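This briefing is intended for a reader who has the sequence and the coordinates at hand. Please consult both while reading the points below.

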Amino acid sequence: MAIIERPAPGIIVPALPAGTPAITPSRTFGALKRPVASTGWKSWLFTVDHKKLGLMYGATAMFFFIVGGLEAVLIRLQLAAPEGKVLNADLYNQMFTMHATTMVFLFVMPMAAGFANYFVPLQIGARDVAFPRINAFGFWCLLAGGIVVNLAWFLGGAADGGWFMYAPNSGPVFSPSRGVDFWTLGLQIAGIASLTGAINLIVTVLNMRAPGMTLMKMPVFTWLITVVQFLLLFAIPVITVALFLLTFQRSFGAQFFDVAAGADPLLWQHLFWIFGHPEVYVLILPSFGIVSEVLPVFSRKPLFGYPFVVFSGAAIGFVGWGVWAHHMFASGLGPVSVAVFSVATMAIAVPTGVKIINWTLTMWGGKLVFSTAMKFSVGLIVLFTIGGLSGVTHSVAPSDTQQTDTYYIVAHFHYVLFGGAIFGLFSGFYYWWPKMFGKMLNERLGSWNFWFMVIGMNMTFGPMHILGLQGQPRRMYQWTEARAGEGFFNIAFWNLVASIGSLVLTFGILLFLINIVITARSKVRAPLDPWNARSLEWMTSSPPKEHNFDSIPHVHHLDEFFHRKYEEDPVTHTMREVATAEQVLAELERNADTNIHMPSPSYWPLVLAAGLPIVSLGILYSIPVAIAGGLVILYAVYGWALEPSVAVEGDYEEPSSNGHAVGTTHG
Amino acid sequence: MAETTTHDAHATSTGLSNVKLGMWLFLGSECLLFGGLISTYMLYRGRVSDGPTPEQIYDIPFTSVSSFVLLMSSLTMVLAVSAAHKRDDRGTNLWLTVTALLGATFVGGQVYEFTAFYNEGLGFTTSLFGSSFYTLTGFHGVHVTVGIIMLLAFVAINKRSRVPGSKSETVEMIGLYWHFVDIVWIIIFTLVYLIPV
């Protein structure tokens with residue numbers, strides 16, 4: 001267990017009297033002593049607490065969501081009218097590249113990582129993740145990566161090759177600015193966050209479950225997050241290779257994608273999509289997990305067919321590795337490859353369909369409560385199904401060949417990513433906000449937020465089906481009146497509808513931001529168990545204490561919290577309430593652990609992550625700077641290795657607390 | 001009860017310690033990294049442009065010797081892990097140092113080989129074969145170098161008795177990494193050097 005003792009203020013050591021004198025670190029680890037601040041900005045900067053890191057992931061992702069959203073609005077303004085003048089061709093290329101990069105790598109992935117960080121330990125009854133310092137390191141890598149990718153805006157122009165960055169278009173000849181270099185290096189750094197996060201969460205889930213919580217008693221969110229981490233574990237190294245090859249080509253003159261030298265441009269496509277298709281499931285499965293938590297709670301029923309949801313999630317995880325070439329049907333792979341990947345792509349629709357059916361049957365006959373979280377979940381089911389159906393049409397290779405690189409594809413993946421992934425995340429915001437902050441998001445404003453987003457999203461992406469089938473290509477910075485067509489299929493009309501829709505969507509998201517501000521200012525505390533929830537993360541205070549649970553619960557059921565509140569009446573076979581949430585919590589408090597050891601904060605994750613952008617900038621501008629960055633990294637690793645994750649009494653001067661620290665964490 | 005659940009060092013659900021499970025997962029991920037690099041090399045090894053071909057420059061006897069040295073370092077690594085489990089500090093430090101030296105010999109051989117190839121006309125930018133050969137074997141060399149740094153750093157920290165956590169487990173983890181890098185070399189040596197284009 002990642003439980004270690006830190007005799008610093010704010011940590012629950014019941015033996016310590018109130019008003020403990022200030023703690024002074026005494027021992028030095030690689031020139032730095034341990035950080036001790038437990039309040040203020042320093043307590044965030046050097047934290048290793050999975051909940052604080054979860055919120056930091058969330059805040060960072062939210063910032064990039066706004067950035068990526070503004071980029072999208074600029075794209076739609078450019079395309080609202082024929083021969084748009086908002087952006088020039090070069091800037092337009094940068095805009096769609098960075099919109100996709102930001103939304104995929106800097107919003108959906110880190111937002112899901114934030115939810116995973118915050119709720120996976122709580123859902124499995126653990127006090128932290130397996131490697132708390134590596135967890136902090138991962139967050140700083142994500143932030144550093146996001147900054148490096150976006151730095152290019154100010155240093156000669158952002159990446160402009162599309163988020164898939166096809167070779168040879170990404171080579172120095174066609175992309176002469178530094179944008180692609182910043183892009184490769186920044187994503188490389190952000191990839192470290194995903195890889196370390198994957199290892200951390202898998203170990204946490206496999207090793208740190210509360211007593212009695214077998215794998216098949218885990219909440220579905222935790223299950224699907226685990227599947228996602230396995231996908232990341234094996235997909236990230238492949239994109240790492242691709243990014244290295246591209247960096248070596250652009251910075252050091254290697255020839256990997258130089259067609260004139262005999263290179264095979266399909267190499268990049270294969271490497272990218274072997275990563276890229278599992279990545280698609282990385283984006284959607286966390287939201288599937290959130291929906292699988294929200295629907296049962298607001299249907300007042302257990303999830304229909306829990307094992308089916310779990311195993312279909314795992315099936316998606318496996319089959320997801322065998323469908324990557326459906327992104328390449330138009331590249332001339334040959335009939336056998338195309339047939340194989342076509343069939344595999346049709347097959348992967350089955351486990352996804354299983355989930356849709358399970359969610360629908362969860363609601364069937366339930367006492368539905370249409371809270372905002374529930375609305376977003378139901379919205380996901382409907383919108384994702386639409387996107388899923390257009391996805392199946394892509395699996396038919398001859399049809400896909402017609403659709404490739406048209407707006408039909410754009411329509412498809414925005415229905416599954418906006419209507420799917422983002423609606424799931426919003427469902428999670430409304431569902432878990434009271435848990436994270438102890439205050440409820442305003443439900444009335446939430447309803448407006450939802451309806452504006454649903455209408456805006458359908459207005460924006462619905463017409464793109466028509467635009468695509470009419471042949472409007474993706475990534476063209478202008479369209480002309482002369483080729484707009486007539487009648488119902490006039491693309492001028494539908495482009496305008498889509499652009500207006502994007503403003504409606506933006507307003508919907510603005511309502512969400514307003515809701516956050518209103519909620520933050522509100523003094524009304526959320527009830528302990530506002531939704532009558534079912535899983536362990538609700539079996540603690542809101543927001544949870546630093547040590548999560550006063551005593552680690554022993555788990556006997558799937559939906560343990562529900563089963564502590566309700567029991568089956570032997571006569572009527574209906575569930576009746578036997579305890580309130582407050583009583584369940586009071587029970588845990590009565591059995592509170594006397595000596596709870598929490599991981600100690602550390603400077604090293606931040607120092608180590610700070611070395612990476614220095615190396616990146618050094619590779620681009622001056623090799624001595626890169627070497628200096630490398631030295632920072634070495635120094636940080638050295639200090640990290642010396643500093644035990646277990647703080648012992650000698651690490652601080654006075655006072656020492658009772659008991660010796662024993663721990664196995666090597667974060 | 002509460003005391004035991006929070007204090008018990010090995011109360012993990014799988015019975016494997018967190019570090020060991022984490023290391024295995026990391027090595028699983030590394031398989032895909034080398035998989036990608038090896039695939040790239042296999043695709044490009046015949047594309048030599050005007051530069052030398054693999055047959056012209058590979059010195060199989062020399063590389064066989066340096067491969068043998070690297071494989072022997074796995075043996076000394078096993079001895080180090082065994083010494084660490086017996087809490088034999090001197091033996092641990094000794095065998096770790098020997099392992100590092102054998103690893104350094106291998107890396108030295110690689111530096112020599114790269115220099116020789118470069119002088120024979122195979123630069124990083126000469127051909128697709130050159131780019132992918134240096135990238136693949138270079139990545140492996142960097143992995144060995146990182147291993148050497150870990151070995152020597154452990155010895156240095158151990159001499160000052162400042163190893164945090166379980167010493168034998170830390171040595172075992174370095175060992176897992178080291179053996180993995182060796183196994184990868186067996187695959188690279190076979191595919192790159194032994195199997196003709």
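The model is predicted. Chain A is divided into two domains, domain 1 (50–536) and domain 2 (537–590), and 48 of its residues are in contact with 40 residues of chain B. Chain B has seven helices and zero strands.

**Domains of chain A**

- Domain 1 of chain A spans 50–536, and domain 2 of chain A spans 537–590.
- The C-alpha centres of these two domains of chain A are 34 Å apart.
- To the contact between them, domain 1 of chain A gives 26 residues and domain 2 of chain A gives 24 residues.
- On the side of domain 1 of chain A that touches domain 2 of chain A, the elements giving two or more residues are helix H3 (89–123) and helix H12 (407–437) of chain A.
- The residues on that side of domain 1 of chain A comprise 15 nonpolar, five polar and six charged.

**Interface between chain A and chain B**

- Chain A brings 48 residues into contact with 40 residues of chain B.
- Four helices of chain A each give two or more residues to the side that touches chain B: helix H5 (179–207), helix H6 (220–252), helix H7 (266–299) and helix H18 (623–642).
- H6(A) supplies the largest share of this side of chain A, namely ten residues.
- By residue class, the side of chain A that touches chain B consists of 32 nonpolar, twelve polar and four charged residues.

**Make-up of chain B**

- The order of elements along the sequence of chain B is α-α-α-α-α-α-α.
- Along the principal axes, the C-alpha atoms of chain B fill a box of roughly 70 × 35 × 25 Å.
- Chain B has 197 residues, of which 38% are buried.
- When contacts in chain B between residues at least 6 apart in sequence are considered, 81% join residues at least 24 apart.

**Cis peptide bonds in chain A**

- A:Ala167 and A:Pro168 are joined by a cis peptide bond, with omega about 0°.
- A:Pro168 is located in the loop that runs between helix H4 (132–151) and H5 of chain A.
- A further cis peptide bond leads from A:Ser542 to A:Pro543, and its omega is near -10°.
- A:Pro543 is placed in the loop between helix H14 (491–521) and helix H15 (560–565) of chain A.

- A:Asn532 is not a glycine, yet its phi is positive, at about 60°.
- The position of A:Asn532 is in the loop between H14 and H15 of chain A.
- A:Asn532 counts as partly exposed because it has 17 C-beta neighbours inside 10 Å.
- A:Asn548, also a residue other than glycine, has a positive phi near 65°.
- A:Asn548 is found in the loop between H14 and H15 of chain A.
- A:Asn548 is buried, because 23 other C-beta atoms lie within 10 Å, and the cut-off for a buried residue is 20 or more.

Notes: Residues numbered from 1 in each chain as written. Chains lettered and ligands numbered in written order. Predicted model: local features only at pLDDT ≥ 70, side-chain atom pairs only at ≥ 80, totals over all residues. Domains from an automatic or database assignment. Contact = placed C-beta atoms within 7 Å. Nonpolar A, V, L, I, M, F, W, Y, C, P; charged D, E, K, R; others polar. Buried ≥ 20, exposed ≤ 12 C-beta atoms within 10 Å, placed from the backbone.
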